[in-house]
Amino acid sequence: MKILVVGGGGREHVICWKLAQSPRVEKLYCAPGNAGIAEVAECVPIGVMEFQRIADFAEAHQIDLTVVGMDDPLIGGLVDVLEARGLRAFGPRKNAAILEGSKAFSKELMKKYDIPTAEYETFTDAEAALRYVEHCRIPVVLKADGPALGKGVLICMTREEAVEGVRRLMVEKAFGDSGDTVVVEEFMTGREVSVLSFVDGKTIRTMASAQDHKRAKDGDLGLNTGGMGNFSPSPFYTEEVDAFCRKHVYQKTVDAMAAEGREFKGVIFFGLMLTEDGPKVLEYNARFGDPEAQVVLPRMENDLVEVFEACIDGTLDQVELKFRKEACVCVVLASDGYPLAYEKGIPMYGFEKFRGREDYFCFHAGTSLDESGQIVTNGGRVLGITALGKSLKEARRKAYEATEWISFRNKYMRHDIAKAVEELN
């Protein structure tokens with residue numbers, strides 16, 4: 001098979017890395033890719049939102065399967081464009097990707113189909129939202145309706161922060177049109193857990209659990225980011241939690257989307273909060289999480305091509321997902337200043353130390369090659385340094401050990417990824 005992956009971050013690197021292991025893959029392309037992806041796939045200089053160029057490339061190169069990794073092209077309808085040309089694609093169509101594309105839609109879906117989630121109100125008028133936060137229970141969570149690179153969620157611990165947050169999202173348009181509609185949600189407390197799942201429109205198969213660290217600084221302080229590190233499995237995702245979610249969340253979501261005429265095929269990411277009242281849905285994503293994919297896919301034993309095809313063909317009920325017993329930890333190396341201002345084009349060194357090692361991985365998120373072929377930084381989140389271990393404690397030790405192998409000016413990371421749970425595993 002000839003396969004094209006659309007995207008250029010850490011998620012797409014681990015997808016390409018996993019696909020490259022399949023004996024069914026003859027040629028692998030990635031648009032636009034990055035310096036790390038270039039080691040396992042041929043990178044193509046096409047932007048992720050250039051739908052017609054992507055389809056033209058797929059036709060010209062007789063691509064058998066296009067895998068859409070990123071949220072924006074999924075929400076924008078790239079799968080629809082490809083399918084209209086008679087091309088095979090993995091990922092939800094536009095009318096199903098709305099599950100991530102609109103938080104207001106997903107909240108209404110959960111309310112309509114009795115899927116447990118936080119209480120909320122939705123606003124399209126800034127003045128009405130401001131009046132509401134002047135009197136609602138505090139703390140509160142503000143969510144921009146549309147995609148915002150994982151940064152459109154504001155946790156407001158004071159009323160002043162809530163007022164400022166509404167102004168930032170709806171008046172100042174910090175995230176553009178994504179803030180035209182804002183969901184104001186009750187603040188839930190508990191453990192956060194991420195569960196990725198494959199869906200073929202009717203059947204759902206969940207992957208291993210994971211747990212993210214969204215805040216920029218140690219101790220869960222600082223601004224929200226796209227994710228500063230991750231680990232799998234989560235010791236808090238017990239058999240009891242799994243049983244509850246299978247009954248009240250996972251299948252109900254798939255069935256709800258089908259009932260709405262929005263058949264979902266692809267990956268649904270369930271962001272869960274384990275509250276005192278039981279698990280509740282924080283958010284849905286319509287693709288692999290990033291960096292969740294970096295700790296889940298290295299543990300997955302299945303041929304990823306076969307799972308993708310089962311999702312497309314509606315035969316996922318015939319697939320049993322299998323995962324290694326080892327734990328996995330990913331520590332994100334970022335450019336200092338992320339998620340705000342940061343420098344690009346900084347040379348990086350030490351990648352050769354990962355070669356030939358089966359339980360250490362370096363997934364590239366924001367990298368590129370300069371004119372001389374040197375790997376340089378090209379984003380806020382630069383690398384996902386990932387390791388497998390017999391326990392979370394061992395995986396964590398190995399991942400942090402490997403962060404020292406890479407050197408570049410302005411290297412920044414959190415030092416407490418998985419620290420609070422390493423002894424529980």
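Start by selecting T367: at 3% relative accessibility it counts as buried (buried means under 20% relative accessible area, with a 1.4 Å probe and protein chains only). You're looking at a predicted model, where local features need pLDDT of at least 70, side-chain atom pairs count only at pLDDT 80 or more, and totals for chains, interfaces and linings use all residues. Residues are numbered from 1 along each chain as its sequence is written, and side-chain values use heavy atoms, leaving out hydrogens and water.

T367 sits in strand 19 (residues 367–369); strands here are DSSP runs of E, at least two residues, and helices are runs of H or I, at least four, numbered from the N terminus. Now show the side chain of H364: a polar contact of 3.0 Å joins it to the side chain of T367 (a pair of N or O atoms within 3.5 Å, one able to donate a hydrogen and the other to accept it; residues adjacent in sequence count only if both atoms are side-chain atoms). The T367 side chain also reaches the backbone nitrogen of A35, at 3.3 Å.

Next, pick helix 11 (residues 304–313). Eight of its 10 residues are buried, so it is largely enclosed by the rest of the structure. Among the buried ones are L304, F308 and I312. What covers them? The cover for the buried residues of helix 11 includes strand 1 (2–7), helix 1 (10–19) and strand 10 (191–200), counting contact as heavy atoms within 4.5 Å. At the start of helix 11, a side-chain oxygen of D303 comes to within 2.9 Å of the backbone nitrogen of V305.

Technical notes:
Buried < 20%, exposed > 50% of the residue type's maximum accessible area, 1.4 Å probe, protein only.
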